[in-house]
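Biologist: Thanks for sitting down with me. Could you take me through this model and tell me what stands behind each label you use?

Modeller: Gladly, let's look at it together.

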Amino acid sequence: MGVKDESNTEQPPLDLFLKIGLDERTAKNTIANNKVTANLTTVIHEAAVTDGCDRTVGNLLYTVATKFPANALVHRPTLLKYIVLLKIKTPAQLEAAFSFLAASASESFNVSEFEKTCGVGVEVSVEDMEHTVNEIFGENNNAILEQRYLTNVGVLFGHVRRRQPWGDPKIVKELIDAKLCVLLGEKTAADKEKPIKKKKEKPVKVEEKATAEDTPPPKPSDEELNPFSVFASPEENCKI
């Protein structure tokens, strides 16, 4: 990692943020938040990229500025070195680094363990990701054919990510969408119909004499946790 360029320390924050690849809207929203502005400016100088860097690196630096564990700030320069040298280059690797460093706090840590935990040096080819996607589709073929375009792409994505944690998530998503479209073909009239929501049956009331010792049963939760709901539905991403 290079030496900090002190001549650039007076650059306006907006200029710094644009140089590391943030889009103008994100950069302007950032400078509206004094705390994030201060953190990101410090991170850019620590990483010695005041003259600019690749957008991928810049996005990771932004994540460091907003999510780095506060109890491990002493290790932040080390992490930034890995990012600038492209040894840590995906969000998944960065999240793994945060967890590792948070557990280490201000203590020294084993470099080999850190690199293994963060997948440093691990390269996952498109062929590797495609092979894993095919495996997942093979294992879930019947369910996919039955659900067709109602298939939860996020669940499939999660299965692939568990087997290939260091694969590029964008490529994984594209491979899943393409595979889904090839398997199912064009949408049919039935696919275009909106699914009918089933009405919830009201529970049968049983009249019982209440006592002071009775405690009401907990209400069943209707919430369905889906960490992959950020992804669009399959029909919106059907690209062959």
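Biologist: Which helices each supply at least two residues of the lining of the largest pocket?

Modeller: Those are helix H4 (55–67), helix H6 (91–104) and helix H11 (169–184). H4 gives the largest share of that lining, 6 residues. Do keep in mind that this is a predicted model.

Biologist: What makes a residue part of the lining of a pocket?

Modeller: A lining residue has an atom within 4 Å of a point of the pocket. In the largest pocket, 23 residues line the space, and Lys89, Thr90, Pro91, Asp168 and Pro169 lie nearest its centre. The space in this pocket is about 650 Å³.

Biologist: How many residues of each class are in the lining of the largest pocket?

Modeller: The lining has 10 nonpolar, 7 charged and 6 polar residues.

Biologist: Let's step back to the whole chain. What does the pattern along the sequence look like?

Modeller: Read along the sequence, the pattern is α-α-α-α-α-α-α-α-α-α-α-α. That goes with 12 helices and 0 strands. Of the 240 residues, 33% count as buried. The accessible surface comes to about 16100 Å², and carbon and sulfur atoms hold 52% of that. As for contacts between residues at least 6 apart in sequence, 70% join residues at least 24 apart.

Biologist: Why is valine 49 called buried?

Modeller: Buried means under 20% relative accessible area. Valine 49 has 8%, so valine 49 is buried. This residue is found in the loop between helix H3 (34–46) and H4.

Biologist: Which residues is valine 49 in contact with, leaving aside its neighbours within four places in sequence?

Modeller: Valine 49 is in contact with Ile20, Ile44, Leu61 and Val84. Contact here requires heavy atoms within 4.5 Å.

Biologist: What about the phi of alanine 105?

Modeller: Most residues other than glycine have a negative phi. Alanine 105 has a phi near 55°, a positive value, and is found in the loop between H6 and helix H7 (111–117). Alanine 48 also has a positive phi, about 60°, although it is not a glycine. Alanine 48 lies in the loop between H3 and H4.

Biologist: I always ask about cysteines. How many disulfides are there?

Modeller: The structure holds 0 disulfides. A disulfide would need a pair of cysteine sulfur atoms within 2.5 Å.

Biologist: Are cysteine 53 and cysteine 118 buried or partly exposed?

Modeller: Cysteine 53 has 22% relative accessibility, so cysteine 53 counts as partly exposed. Cysteine 118 has 0%, which is under 20%, so cysteine 118 is buried.

Key: Residues are numbered from 1 along each chain as its sequence is written. This is a predicted model: local features need pLDDT of at least 70, side-chain atom pairs count only at pLDDT 80 or more; totals for chains, interfaces and linings use all residues. Side-chain values use heavy atoms; hydrogens and water are left out. Helices (H or I, at least four residues) and strands (E, at least two) are DSSP runs, numbered from the N terminus. Buried means under 20% relative accessible area, exposed over 50%, partly exposed in between (1.4 Å probe, protein chains only). Accessible areas come from the Shrake-Rupley method with a 1.4 Å probe; for residues, only the protein chains shown count as cover. On a 1 Å grid over the protein atoms alone, a cavity is a set of points where a 1.4 Å probe fits but cannot get out, and a pocket is an open set with protein on both sides within 12 Å along at least five of seven lines; lining residues have an atom within 4 Å of a point. Grid points are joined across faces, edges and corners, and a volume is the space filled by probe spheres set on the points. Ala, Val, Leu, Ile, Met, Phe, Trp, Tyr, Cys and Pro count as nonpolar, Asp, Glu, Lys and Arg as charged, and the others, Gly among them, as polar.
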